[in-house]
Amino acid sequence: MSNKQLDSLGSLENLELESGLSLVPRIKLLLTIFRADKSVSAIDEWKVKRSLIDYFKSSHSVSVPEEDVEIRRFKDLKKRKREDPVARGSLVVRDLGFLSKALGVKELNEDGDRSNEELEKKFVEWRKGVVERMEGMELNLEGTKFKLNVIVPASDDFEGMRKDWEEMSAFGVRGYHRGGRQQPDTIVLRGVPSRWFAEPRVSSKPSMLVTHTIFSAFGKIRNLDVAEDNDIGKDADEDEAEIVSGLQCKIIVRFEKHRDFSTALKILSGRSMEKQGTRLKADYEVTWDKDGFFRNARAEKEERTRWEPASGEGPRRQYHRTQYSPDGKRPKRFRE
C-alpha cells in the first residue's frame, strides 16, 4: 500500500498486513473504580461487568460482549484507604458499524476523496462525549455504591502524542536539541502475541525477518528490535494469574523518514491487531520512543568496543553486530 493510500485510511477502516494480520478500529476505555459509600463489602467483578454492558446497551444501543469488559480488583481491600480505588479494568467496543450512521459522515465527497478529517474530528468528539458521560458515574450494585473514573488510553490519543513530541523537540528535553530539526522516528509496540511474528512451522519465537516484512508496509525501516514482553499489564496490587513468559513481545521500529513514523503511529493508535484463523484480539499499547533506544544502544556498543592497548600490545580486533541484517538473522534474544 502506498503512502497516499495509508494517509487516506479512514478512522473506521481496517488495514490488512502481511502474515494474515490486520489492524481493526475499536474504542478502548480505561476504568478505575472507587467506593461511593461507607460499605466495606467486596466488589463483585461480574456485577460491575453486567452493569457496564447494560449501560452501553441502554444509553448507546451498543452491544458489548462480556469478554471485552475486564475488571481486576486490588489486593487487601480492607487495608486500603477509603479514597483509594478498589478495582480497575478496561472496556472495549469493537463493533463500530453503528458510528458511520451515528456520525453522519458521507463516505465520499464530491471530489471522490474520503472525508477523513471530518470523520476523524467527529469520531474523537463522540468518544470524548462517551467519556464525559461516564466520568463520575455511580454504580449501584444491590445497595453497594461505586464510582467510575474513565479515560482514553494515551496510546489511543494520536493528537496527544504528537503534541508531546512537538513540545519535547521545541524545548530540548531528553536529548532533543532545542530549536533543532530533530523529529522522532521510532515507535514502540507492546503486548502483541509472539507467535504472530514467528516463522510458521519453524518456531514460536518472533522472527526479525517476519516482523520486518510486516512493518515495512508503513515505510522503509532503519532499525528493528524484538524482545520478550512479560511485564505489560502486571501490577503487584492486583489479583491476577501469573503471566506465562514469552507469550508476548515488544517491538521497536525505527523508520527512515519521520513521515512514515507518523503515519504508522496514527494508524496503530486506536486499533487492535487480529490474525486470520484465530479469535484472539491483541489490544496492544503503542507509543513513540522518547528515550532514544537505538541511539543509546549504539553509544553503549561503542563504549564496550572502545579499548586502548597497553604498551607493547597490538590493537584488539573489534566485532560489531547490527540490529538487523539483510538475511534476516540477528543475535538471538530467546532460548530455543
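Is D283 buried, partly exposed or exposed? In this predicted model, D283 counts as partly exposed because its relative accessibility is 23%, and a residue is called buried only under 20%. The side chain of D283 meets that of R94 in a salt bridge, with N and O 2.7 Å apart. This pair links distant parts of the chain: D283 lies in the loop between β12 (281–282) and β13 (285–288), whereas R94 lies in the loop between β5 (87–93) and α3 (97–102), and 189 residues separate them. Both residues also belong to a network of salt bridges that includes R26, D68 and D156.

The count of salt bridges in the model comes to 15. One of them joins E256 to R222, whose closest N and O atoms are 3.2 Å apart. Here again distant parts of the chain are linked, since E256 is in the loop between β10 (248–255) and α7 (258–268) and R222 is in strand β9 (residues 221–228), 34 residues away. E256 is partly exposed at 33% relative accessibility, and R222 is partly exposed at 38%.

A further salt bridge connects R72 with E70, the closest N and O atoms being 3.0 Å apart. R72 counts as buried because its relative accessibility is 15%, while E70 is partly exposed, with a relative accessible area of 39%.

D157, D164, E166 and E167 make up a negative surface patch. Among them, D164 is placed in helix α5 (residues 158–171). D164 has a relative accessible area of 37% and is therefore partly exposed.

Definitions and conventions. Residues numbered from 1 in each chain as written. Predicted model: local features only at pLDDT ≥ 70, side-chain atom pairs only at ≥ 80, totals over all residues. Heavy atoms only, no water. Patch = residues over 30% accessible without salt bridge, like charges linked within 9 Å, V, L, I, M, F, W, Y side chains within 5 Å. Areas by Shrake-Rupley, 256 points an atom, 1.4 Å probe, with all protein chains shown as cover. Salt bridge = Lys/Arg side-chain N within 4 Å of Asp/Glu carboxyl O. Lys, Arg positive; Asp, Glu negative; His and termini not counted. Charge placed at Lys NZ, Arg CZ, Asp CG, Glu CD. Helix = DSSP H or I, 4+ residues; strand = E, 2+ residues; numbered from the N terminus. Buried < 20%, exposed > 50% of the residue type's maximum accessible area, 1.4 Å probe, protein only.
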